[in-house]
Amino acid sequence: MLFGLGALLALIAELPHGGWLQIPILSIVWWRLRDEVPQTTKQYYACGLIFGLGYFLIGLWWLYISMHDVGGMNPILSAIAVFLLSLYMALYFSLATFTIRHFKQGQIAGLLLAASWVLTEYLRGYIFTGFPWMGLAENQFDGPFSPLAPVFGGLACTFLVVWASWEILQMRTRPIKCAVTLLATIALVQFAGKISYTKPFGEPISVRLIQGNFAQSLKFNPQAIGQQINFYVSEIQKQSADLIIIPETAFPWPQNNLPYSLLNYLQSYSNTSLSNLLLGLVGEVPDKQGMQYTNRAIGLSPNAEPYQYDKVHLVPFGEFIPPGFHWFIKAFNVPLSDFARGSLDQKPFSIERKNQASVNAAITICYEDVFGDELASRVQRNKEPVHLLINMTNLAWFGQSQAPTQQLRLSQLRSLETGLPALRATNTGITAALGPDGKLLQTLPEFTQATLITKIQPYSGQTPYVRWGNLPILSLSAALLIWGFIRHRRF
């Protein structure tokens, strides 16, 4: 049953209002773990592991597509890889739920469970470079606790989801008190969402987001590479705009080996059309052994020096190979590389406008959109104020799966946390424009070759989460657990 509950929790995340539905599902999980499972420590831990395994196998199955369908890896090896990653992710869930065994009774049990869940989710985002995909927070974008994100971040939403689900379980013994507490908390959080921390900055900018819809297999085909470059160059020149963006590695070729004078040609177009261009390509940086590749975004602005951003948080196995795993990568039939990491202090991209103040955009490439605290820290540390978020991504690796909608929810949460609008330029979807509250303003259908033409209003200011990061919710969670263990030993 616990495996099925984990799978159900992952499935309802894809439904409208999944953030509301996940709370009662979690209540059933806590009931099973508290009252129904065997009492030995090993058996209890195994039950938590089974729940997490069901959740991640359903939520991350699309990795099989990248390894087998795109990468040509043996189907059995691909399935084993997805299973092992899901099992590793489930370890964190099992560790978090272990709190229930030690604090079955008492009114603070729900707070301690929520605190342990927050701390393990935080660790999941950092250990072995981190993989915090499929957290509870991004599902709260259409749930009751999303208004807390600009104040204390996604982890605070996670805290309240776990606590609220525990309170529902307690309604069997304290129905009126628990119901009043829950309703009052939701009302307070919704009221907090009425406060705006950022405000419009200048006039809206015109935007064109070009979605090429090229299959991932074409990224490594020499003839198709030229076709992709020609397509994007042609589309860029069709219509000027304040900002024109093509996706991650839309030019799937090292920068120094691109067709002669391509970037100079596009710079000339930028100068004459007064358009700012943001291009995804493969960069190169010198290292001790010669040159190393980077996942790069190049910005071209009218009569200005080119801008470049190199991806900082790389994808394990896709963009860097952990020690001892080169044998695993050799099982792919696609070229992969150990990319160099960009520095943490890269400046935002300045979008120049005639007779108006420039708009500064914080760039993230694909997977980096998962790490909300890193993005918030960048926005806070930058000397220039950030007015806009831009994510360039290529999810063709994952075919027709829920991966694009999962990353869209992550982008929506990032906008909500920072109070800044966002643009998503993708190869196969979901290409979209988001408001400062994370709500969809405009989008393109997936797996279509099209251009999203829109306007986006820049914003200025910083939310409390940008200023404080995860420190408040992590401090609260740590203090609760310390207090809980001291109290438990005393009594």
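Which elements of the protein chain have the lowest and the highest mean pLDDT? Helix α12, residues 326-329, has the lowest, at 58. Strand β3, residues 243-245, has the highest, at 98. The model is predicted. Over the whole protein chain the mean pLDDT is 88. A value of 70 or more is reached by 93% of the residues. Where pLDDT is low, predicted coordinates should not be read in detail.

Two helix pairs were examined. Helix α1 (residues 2-12) packs against helix α3 (residues 41-59). The angle between them is about 35°, and their axes lie 7 Å apart. The crossing of α1 and α3 is right-handed. On the α1 side, the contact is made by L2, F3, L5, G6, A7, L9, A10 and L11. On the α3 side, C47, I50, F51, L53, G54, Y55, L57, I58 and G59 take part. Of the residues in this contact of α1 with α3, 14 are nonpolar and 3 are polar. None is charged.

Helix α10 (residues 222-236) packs against helix α11 (residues 262-273). Here the angle is about 15°, with the axes 11 Å apart. Angles under 35 degrees count as roughly parallel, so α10 is roughly parallel to α11. The crossing of α10 past α11 is left-handed. From α10, the residues I229, V233 and I236 meet L262, Y265, L266 and Y269 of α11. The contact of α10 with α11 holds 7 nonpolar residues, with no polar and no charged ones.

The strands were examined next. An open sheet is built from 6 strands. Their order is β8-β9-β10-β11-β12-β13, and the pairing is mixed. Strands β8 (349-353) and β13 (440-443) stand at the edges. Each has a single partner strand, so one side of each is left without a neighbour in the sheet. On average, neighbouring strands of this sheet are turned by 20° against each other, direction ignored.

A433 stands opposite Q442, which belongs to β13. Helix α13 (residues 372-381) lies across β9 (356-365) and β10 (388-393). Helix α13 runs at about 150° to β9.

Notes
Residues are numbered from 1 along each chain as its sequence is written. This is a predicted model: local features need pLDDT of at least 70, side-chain atom pairs count only at pLDDT 80 or more; totals for chains, interfaces and linings use all residues. Side-chain values use heavy atoms; hydrogens and water are left out. Two strands pair if DSSP finds at least two bridges between them. Helices (H or I, at least four residues) and strands (E, at least two) are DSSP runs, numbered from the N terminus. Axes are lines fitted to C-alpha atoms, for helices over the stretch in contact, and angles run from 0 to 180 degrees between N-to-C directions. Contact means heavy atoms within 4.5 Å. Angles under 35 degrees count as roughly parallel, over 145 as roughly antiparallel, 65 to 115 as roughly perpendicular and the rest as oblique. A crossing is left-handed if the near helix is turned anticlockwise from the far one by less than a right angle, and right-handed if clockwise. Ala, Val, Leu, Ile, Met, Phe, Trp, Tyr, Cys and Pro count as nonpolar, Asp, Glu, Lys and Arg as charged, and the others, Gly among them, as polar. pLDDT is the predictor's confidence in each residue, from 0 to 100.
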